[in-house]
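Hi there,

Here is the structure I promised to pass on.

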Amino acid sequence: SGKRSRSTSKGGKQLQGNDSTIVTEAGVIVQQFREYSVLYDDYDVREQGRFRFRTLSIRKLPSLEPKKLILSSSSSFFLLNQFRRERLIRLSRDMTINSKRVIFLLHRASSENKTDILQEAAAKIKEIHLKYISPLCDELVGQDYYRYQRAFSPGVQEYLECVSFYYYVAESALVSRERVQRDIERDCGKHFFICDSDYLLGIADLTGELMRSCVSAAATVSRPTLAFCTCICRFVSVLYQGYFHLSERGELEKKIDVMKSSLEKCENVLLELTLTLSETERLQVLLHPECA
């Protein structure tokens, strides 16, 4: 009477029964049969408007004893949390990959193509907002933010490094956390909270990208290059002074050590560039005194 017979396999055997209940929550579907329950996971895989399901576990339905029912509900609760955590880790991984692509793009910016590079980078950042941060916001609705923070924190840190590098190339300034949150809300229509630790760790990674920009720019010996490297060195120095007064614990301590190393490399590059430029200009005066 309206019930359809379905079948699945367990250990190579076919199990058949009538559907009694279908419960859907966060992409997880539990189909209960007469004797067995089958736990499926669909994630976000769609083909021609249909879902493809992957069998995760098959188990016998619990008896009506209260203790077993409590254990069964607890198991389902932990499974749902585990699936949500896996989806967040996947989103974080995709955010990291796409943020690195934007960083590589920004490293190719020069005085000739700076406007085009910034426009392309802004479009890619907006794509990150829509494809990855928007689903991340949906997953965290009604959930404890700090319970799942470690699952998506690496992606958020890489994204903040990417956005801060974009704003430095565009404005030669440090972007605030509030401005990043406003940009996300403008593109997604959703508020995404960025905690203090993610912001500090993401900005700390920015110094590494600035150091690479300084080293690559020093290949051209000129006064504009010297001014560009001087600005980077001063900016990194100010950041390091601010981080130096923070309490050094765990991951932040490692970031501060890397930041110090980046500052030393910028200073060495600036020193070598200054000496090389001074020697070059002196040689030009000796060879062409009429141009002095």
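A helix axis here is a line fitted to C-alpha atoms over the stretch in contact, and angles run from 0 to 180 degrees between N-to-C directions. Please keep in mind that this is a predicted model.

Helix H3 (residues 149-171) packs with helix H4 (residues 177-188) at an angle of about 100°, and their axes are 11 Å apart. Angles of 65 to 115 degrees count as roughly perpendicular, so H3 is roughly perpendicular to H4. On the H3 side, the contact is made by Tyr159, Leu160, Val163, Tyr167 and Glu171, which meet Arg179, Val180, Asp183 and Ile184 of H4. By type, the residues of this contact are six nonpolar and three charged, with no polar ones.

Most residues other than glycine have a negative phi. Ser172, however, has a positive phi, near 55°. Is Ser172 buried or exposed? Its relative accessible area is 51%, and the cut-off for exposed is over 50%, so Ser172 is exposed.

Back in helix H3, Glu161 is also worth a look. Glu161 has a relative accessibility of 5%, and because buried means under 20%, Glu161 counts as buried. Which residues does Glu161 contact, leaving aside its neighbours within four places in sequence? They are Ile103, Gly202, Asp205, Leu206 and Glu209. The C-alpha atom of Glu161 is also 8.1 Å from that of Ser99, although these two residues are 62 apart along the chain.

Beyond its neighbours within four places in sequence, Asp205 is in contact with Gln157, Glu161 and Lys255. With Lys255 there is a polar contact between the side chains, at 2.7 Å.

Finally, some numbers for the protein chain as a whole. The chain has seven helices and eight strands. Of its 292 residues, 40% are buried. Taking contacts between residues at least 6 apart in sequence, 61% join residues at least 24 apart. The accessible surface comes to about 17600 Å², and carbon and sulfur atoms account for 53% of that.

Best wishes

Methods
Residues are numbered from 1 along each chain as its sequence is written. This is a predicted model: local features need pLDDT of at least 70, side-chain atom pairs count only at pLDDT 80 or more; totals for chains, interfaces and linings use all residues. Side-chain values use heavy atoms; hydrogens and water are left out. Helices (H or I, at least four residues) and strands (E, at least two) are DSSP runs, numbered from the N terminus. Buried means under 20% relative accessible area, exposed over 50%, partly exposed in between (1.4 Å probe, protein chains only). Contact means heavy atoms within 4.5 Å. Accessible areas come from the Shrake-Rupley method with a 1.4 Å probe; for residues, only the protein chains shown count as cover. Angles under 35 degrees count as roughly parallel, over 145 as roughly antiparallel, 65 to 115 as roughly perpendicular and the rest as oblique. Ala, Val, Leu, Ile, Met, Phe, Trp, Tyr, Cys and Pro count as nonpolar, Asp, Glu, Lys and Arg as charged, and the others, Gly among them, as polar. A polar contact is a pair of N or O atoms within 3.5 Å; within protein, one must be able to donate a hydrogen and the other to accept it, and residues adjacent in sequence count only if both atoms are side-chain atoms.
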